[in-house]
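I opened the notebook to record what I looked up in this structure. The entries follow in the order I made them.

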Amino acid sequence: MKLSYSKEKPTLGGTRIKTRKRNIAAPLDPAAFADAVVQIYLENVGDLELVARNIESSDLNFTRYGDTFFEVVFTGGRTQPGTIKPDEGERHPYSIIECEAKREAIFPSVSYIQKILRRRPFLIKNLENVMRKLLQSLELFEENERKKLAIFTALAFSQKLSGLPPETVFQPLLKDNLVAKGLVLSFITDFFKEYLVDNSLEDLISILKRGKMEDNLLEFFPSAKRSAEGFSEHFTKAGLVPLVEYNEKKLFEVKLKEMKSALTTQIAEESEISEVIENVKQRVKDAKLPDIEVVRILWDVIMDAVQWSGKNQQQNANAALRQVKTWAQLLNSFCTSGKLELELMYKVQMQCYEDAKLMKLFPEIVRSLYDQDVLAEDTILHWFRKGTNPKGRQTFVKALEPFVNWLEEAEEEE
């Protein structure tokens, strides 16, 4: 088989062979870009409406120089790489840092940036970059300038500035040296105060959640002040009592959860009752838990540990009553008043009302708690005559009537 080949065609002497043009990137010139933006500010005497209009109609290369643009917006001109120090080139006096440290002075800048972002949404990334850089450099600003940044940031979230993500703000603040100097706490306090002028605490918590900071608010505090007491004292003094109350409630819920978890483990492992009682008492003391919450948790954990058999009513009854008898001493240690005993009765009522397999067990459980000296006769009679929880009450009162009659007869005989 013959191999075919093509003979090279002759070319005319003197012709040029065309080569494909390469895309040669234009050299980066952020200085010229910055000067052009500064010039627009100066020509329009800082009137942000006119500045925005001129910027929108310009052919400036925002795709390449987005970071430089926001440096000019925030600081009045270019800043040296990695710093907030002014670089060479023109500057303008209408930047956010040059405003008064008041929301009405800074608000127009937020609206202005919003307009720019609507026209060029890709710039949100550049805004993030520059904000991250500024926030990581808080120590290089004067106190008054840091306040302006905090007000701007609060207004940016309040106005839902074109998708600015909260983590852009919160995460860069957590630099150890900034936190240790108290700069972060000061910034975040100003931020909270300004944001809550127009928004609810729920809105603030939502932002903190998205910024992955909801559970870590103490990280904003220098280590010496990093305690629940330090948190409450600082934000109470700052006039942010709702935030203090929210945090205390959250800490309280965490402590309750921790106690419930430890108690669940001990009951599942069938630890000595004396050991369980001691553990609960210690946790109540350390966490300052209210007695009423302790009684509720004890009942929930004890009943959660019951091995239910399914639909067999008698087996379920036996299992529940066995559990009550086993842990009666634990309940007894914390039901130390008529009020707490009544709370336990309400817990039993609610559980029997909500759980179909326990509906018919109410009188038997109450009788068992009476037999084990957890519930006093007066408590049972008070619930029977004046109980205030309506859930299933008529059914349970009727079911408990024979036992109550027996109690009353015994009382008369005495």
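**Entry 1: a loop residue**

I started with Leu123, which I found in the loop between α4 (103-119) and α5 (124-135). Helices here are DSSP runs of H or I with at least four residues, strands are E runs of at least two, and both are numbered from the N terminus. This is a predicted model, where local features need pLDDT of at least 70, side-chain atom pairs count only at pLDDT 80 or more, and totals for chains, interfaces and linings use all residues. Residues are numbered from 1 along each chain as its sequence is written, and side-chain values use heavy atoms, with hydrogens and water left out.

Is Leu123 buried or exposed? Leu123 has a relative accessible area of 0%, so I noted it as buried. Buried means under 20% relative accessible area, exposed means over 50%, and partly exposed is in between, with a 1.4 Å probe and protein chains only. I also took a distance from Leu123 to Gln282: their C-alpha atoms are separated by 55 Å, and the two residues are 159 apart along the chain.

**Entry 2: domains**

I looked up the domain assignment, which gives domain 1 (30-239) and domain 2 (249-412). Such bounds come from an automatic or database domain assignment. The C-alpha centres of domain 1 and domain 2 lie 54 Å apart.

**Entry 3: positive phi**

Lys160 is not a glycine, yet it has a positive phi of about 50°. I found Lys160 in the loop between α6 (143-158) and α7 (167-173). Its relative accessible area is 63%, so Lys160 is exposed.

Glu270 also has a positive phi of about 50° and is not a glycine. Glu270 lies in the loop between α12 and α13 (273-287). With a relative accessible area of 67%, Glu270 is exposed.

**Entry 4: the largest pocket**

Glu270 came up again here, as one of the residues lining the largest pocket. Others I listed include Ile267, Ala268, Arg322 and Trp327. Which elements give two or more residues to this lining? They are α12 (241-268) and α15 (313-326). The largest share, four residues, comes from α15.

A pocket is an open set of points on a 1 Å grid over the protein atoms alone, where a 1.4 Å probe fits, with protein on both sides within 12 Å along at least five of seven lines; lining residues have an atom within 4 Å of a point. I wrote down about 280 Å³ of space for the largest pocket. The volume is the space filled by probe spheres set on the points.

**Entry 5: aromatic rings**

I searched the whole structure and got 20 aromatic pairs. Rings of Phe, Tyr and Trp (its six-membered ring) pair if their centres lie within 6.5 Å; planes under 30 degrees apart count as stacked, over 60 as edge-to-face, and the rest as tilted. Phe362 and Trp383 have ring centres 5.1 Å apart and planes at 40°, so I logged the pair as tilted. The pair links distant parts of the chain, with Phe362 in helix α18 (residues 362-371) and Trp383 in helix α19 (residues 377-386), 21 residues apart. Phe362 is buried, at 0% relative accessible area. Trp383 is buried, at 0% as well.

**Entry 6: charges over rings**

The charged end of Arg393 sits over the ring of Trp383, 5.0 Å from its centre. My criterion was NZ of Lys or CZ of Arg within 6 Å of the ring centre and within 35 degrees of the ring normal. Arg367 lies over the face of Trp406, 4.8 Å from the ring centre.
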